[in-house]
Amino acid sequence: MGSPMPDRAILFIDGNNWYHSLTSCRVRAPGTLDYAKISEKLVGPRTWIATRYYIGRVPQIGDRRLYADQRSFLGLLRATDPRITTHLGRLESRPLIDPAAKALAQYLNSLRTRIDRQVFHDLLAIARTHQRATVMVEKAVDVMLAVDLVTFAERNEFDSAYLLSADGDFTPAVTAAQRLGKKVYAASPSQGAQLAAAVTAYIPLTREWFDDCYR
């Protein structure tokens, strides 16, 4: 009898969710993490096939520094190991009305009790300034990752998948891949109860876990 085939593993990284999980856990210098080391450490005895990093592309217009920082980070990722690839969705601006700022302005304008004139004008200016803002929203990133997870499972391109995210929205894709006979693990410094209930196993990562995963 021949030796059994090695268990092939692919990592799928939800870049935005993963980054915020790292920062909330106070992982030291997330931008200097070595994703080849992270990949090999997570998959253990399995054969590491690929790591796919999904993130919204920062547009050239607007914050040039943020655009340059992302280009540099993604370039370093790809240069780390040929098995690491990046997959870009979109970032789109959306208007946002802050209900707290709106409520503050309404409250100040309805005051019947006299307060210091300068304090009143300062508070009203703050409320008006923050009533409307623009936020950047990721588009297509989660869908892209979910489709790839299921498609790769259908093509039998992995035996085990590692989803680096705590986002419960991936639960249907995880379930679909498992129905195709694949193991799907989730790993994150954050808690994700819905996702944890769906995956083969949920791997909680502490800040100390990353100590030997730097460039």
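Let me begin with a term: a residue is called buried under 20% relative accessible area, exposed over 50%, and partly exposed in between, with a 1.4 Å probe and protein chains only. What I am showing is a predicted model, in which local features need pLDDT of at least 70 and side-chain atom pairs count only at pLDDT 80 or more, while totals for chains, interfaces and linings use all residues. Residues are numbered from 1 along each chain as its sequence is written, and side-chain values use heavy atoms, with hydrogens and water left out.

I will start with the salt bridges, a salt bridge being a side-chain nitrogen of Lys or Arg within 4 Å of a carboxyl oxygen of Asp or Glu. The structure holds seven of these, and I will go through some of them. Helices and strands, which I will name throughout, are DSSP runs numbered from the N terminus, with helices (H or I) of at least four residues and strands (E) of at least two.

Asp 7 is partly exposed, at a relative accessible area of 22%.

Another salt bridge joins the side chains of Lys 41 and Asp 212, at 2.9 Å from N to O. Here Lys 41 sits in helix H2 and Asp 212 in the segment after strand S7 (201–204), so the parts tied together are 171 residues apart in sequence. Lys 41 has 33% relative accessibility and therefore counts as partly exposed.

The side chains of Asp 81 and Arg 83 also meet in a salt bridge, again with a value of 2.9 Å from N to O.

Let me turn to the region around helix H5. Ile 115 lies in the loop between helix H4 (99–110) and helix H5 (117–131), and it is partly exposed, with a relative accessible area of 38%.

Which residues line the second largest pocket? They are Leu 108, Leu 111, Arg 112, Thr 113, Arg 114, Ile 115, Arg 117, Phe 120 and His 121. A pocket here is an open set of points on a 1 Å grid over the protein atoms alone, where a 1.4 Å probe fits, with protein on both sides within 12 Å along at least five of seven lines, and lining residues have an atom within 4 Å of a point. H5 gives the most to this lining, with three residues.

Also in helix H5 is Ala 125, which is partly exposed, with a relative accessible area of 41%. Ala 125 and Ala 105 are 20 residues apart in sequence, and their C-alpha atoms are 8.6 Å apart in space.

Finally, some backbone geometry. Most residues other than glycine have a negative phi. Arg 26, although not a glycine, has a positive phi of about 60°; its place is in the loop between helix H1 (15–24) and helix H2 (35–43), and at 66% relative accessibility it counts as exposed. Asn 156, not a glycine either, has a positive phi of about 60°, and is found in the loop between helix H6 (141–154) and strand S5 (160–164), where it is partly exposed, with a relative accessible area of 42%.
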